[in-house]
Structures are given as C-alpha cells and as structure tokens.
Amino acid sequence: MNLTIMNKIPLVFATNNLNKLKEVQALLPDFIELKSLSDINCNEEISETATTLEGNAILKADFVTQKFHINCFADDTGLEVESLNFAPGVFSARYSGIDSNSEKNMEKLLFNLINKSNRNAQFRTVIALNLSGQQFLFEGVCKGKIIEEKRGIKGFGYDPIFIPDGFSKTFAEMNLDEKGTISHRGKAIQQLLHFLKNI
Ligand code: IMP
C-alpha cells in the first residue's frame, strides 16, 4: 500500500475539541487533510460505553468509519492510580458521578488517597486509527505521582494534582509546550505521526 503517491488523504479526528484538532493538524505531514467531526456533519454524541480506554477509542473511530466510510482516528485518556486498582481509568471524566467536574473529581481522588503511602499514578492515552480498512492502536503513557494539595492553574482535569516523574512542577504549573513534550497525549500523537509519515 503506497499511500504517498496519492494527493491528499482525508483523515477525520473524532473530536469536537478544536484545540486538540489544531494542535494535531500543525504536526501532520502535508498529504494528510485533517477533518473534524463537524467537517463531515457528524453532530451526534458518540457515547463512550466501553470499559477500557482501548475500547472507547475503537468505538469512536469505528462509529465514524462505519457511518461515513472515511479514514478516522479517535483518542481516549484516563488517569490510572496504582493504590486504587488503577481507578479512575476509563471513568476519569465522570469519577465523581453524573454531575462531575474537575474540582469534584480531584476532591474525590484526594479523599480516596488519604493515608495511602503509594501515590504512583499514570496518565494513559490510546489512539485507534482506522486507515484503508485496517486498524492500528497507539499508546502514550506519562508516569508520575498524585500530590496532596492542588498546585497551579493551567491545563485541565487532574493537572493540578499530578507531578510527572523527573519534575517538581505539576502539569498545571507547566505551559502547553512543556506539558506537550512529556505528556501521555503528546507521546501517543507522536507515535501516530511517526506511523503516518512512514506509510
Ligand atoms: P479524554 O478522553 O481526553 O476526554 O479524557 C478523559 C478525562 O481524563 C478528562 O475529562 C480529564 O478528567 C482526564 N484527562 C485527560 N487528559 C488529561 C490531562 O492531560 N490532564 C489532566 N486530566 C486529563
């Protein structure tokens, strides 16, 4: 399969997050034409009902490919905490319940870690790529620790309570570039890009 001889390959990123979309488009080789869900008129909420990150990434990518017959990739991320049996994991976004938000999720996590000496954790991102009838998976991991109190105001989600290994700042105290080079998502995207540049 020599895809490089074709002009442009349309590729959907199954996200409505325009920041993620811009970030990835800037990194892609010229022969990939990145499209958002709204570019293909996919306005439905794709429910994330799988019990693993891999399952949700595959579910989202397959939904788009099957319905729109187009190449697509999708990502899913979770925070896996060692002493909590790798929770919240795939449930990271809704850890504190139906009306969860980042503040409530962090509070619940800090509460569940009271008196736990092992505060090792990792963010893990899985990307599922459907390309020309084949499926490929990519993974990015960032290991670190959950601290006892929030620090920093940048980023999102669990950033204020996560310090990546080898650093003394939380993700919420880092700027985007700094976080992007070491983050789970950054690493998974780099793997995807490496693959796309070499097809
Ligand atoms: P998503 O799969 O990228 O939507 O991530 C699911 C949930 O994981 C988010 O709602 C956040 O709570 C958390 N999360 C994902 N990525 C990050 C990150 O880079 N920093 C902090 N929290 C994150």
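**Exercise 1.** In this predicted model, determine which of the 13 residues around the ligand come nearest, and describe the shell by class.

Solution. 
- Step 1: The nearest of the 13 residues are Thr-77, Asp-159, Lys-179, His-184 and Arg-185.
- Step 2: Sorted by class, the shell around the ligand holds five charged, four polar and four nonpolar residues.

**Exercise 2.** Find what lies 2.6 Å or 3.1 Å from a nitrogen atom of the ligand, and state how much of the ligand the protein buries.

Solution. 
- Step 1: Asp-159 places a polar side-chain atom 2.6 Å from a ligand nitrogen.
- Step 2: For Arg-185, a polar side-chain atom is likewise 2.6 Å from a nitrogen atom of the ligand.
- Step 3: Tyr-158 takes part through its backbone, with an N or O atom 3.1 Å from a nitrogen atom of the ligand.
- Step 4: The ligand exposes 470 Å² when taken alone, and 85% of that is buried by the protein.

**Exercise 3.** Identify the pocket that the ligand takes up and the elements that give two or more residues to its shell.

Solution. 
- Step 1: The ligand takes up the space of the largest pocket.
- Step 2: Two or more shell residues come from each of β3 (72–81) and α5 (184–197).

Conventions. Residues are numbered from 1 along each chain as its sequence is written. This is a predicted model: local features need pLDDT of at least 70, side-chain atom pairs count only at pLDDT 80 or more; totals for chains, interfaces and linings use all residues. Side-chain values use heavy atoms; hydrogens and water are left out. A residue is near a molecule or strand if one of its heavy atoms lies within 4 Å of it. A polar contact is a pair of N or O atoms within 3.5 Å; within protein, one must be able to donate a hydrogen and the other to accept it, and residues adjacent in sequence count only if both atoms are side-chain atoms. Accessible areas come from the Shrake-Rupley method with a 1.4 Å probe; for residues, only the protein chains shown count as cover. On a 1 Å grid over the protein atoms alone, a cavity is a set of points where a 1.4 Å probe fits but cannot get out, and a pocket is an open set with protein on both sides within 12 Å along at least five of seven lines; lining residues have an atom within 4 Å of a point. A molecule sits in a cavity or pocket if more than half of its atoms lie within 2 Å of its grid points. Helices (H or I, at least four residues) and strands (E, at least two) are DSSP runs, numbered from the N terminus. Ala, Val, Leu, Ile, Met, Phe, Trp, Tyr, Cys and Pro count as nonpolar, Asp, Glu, Lys and Arg as charged, and the others, Gly among them, as polar.
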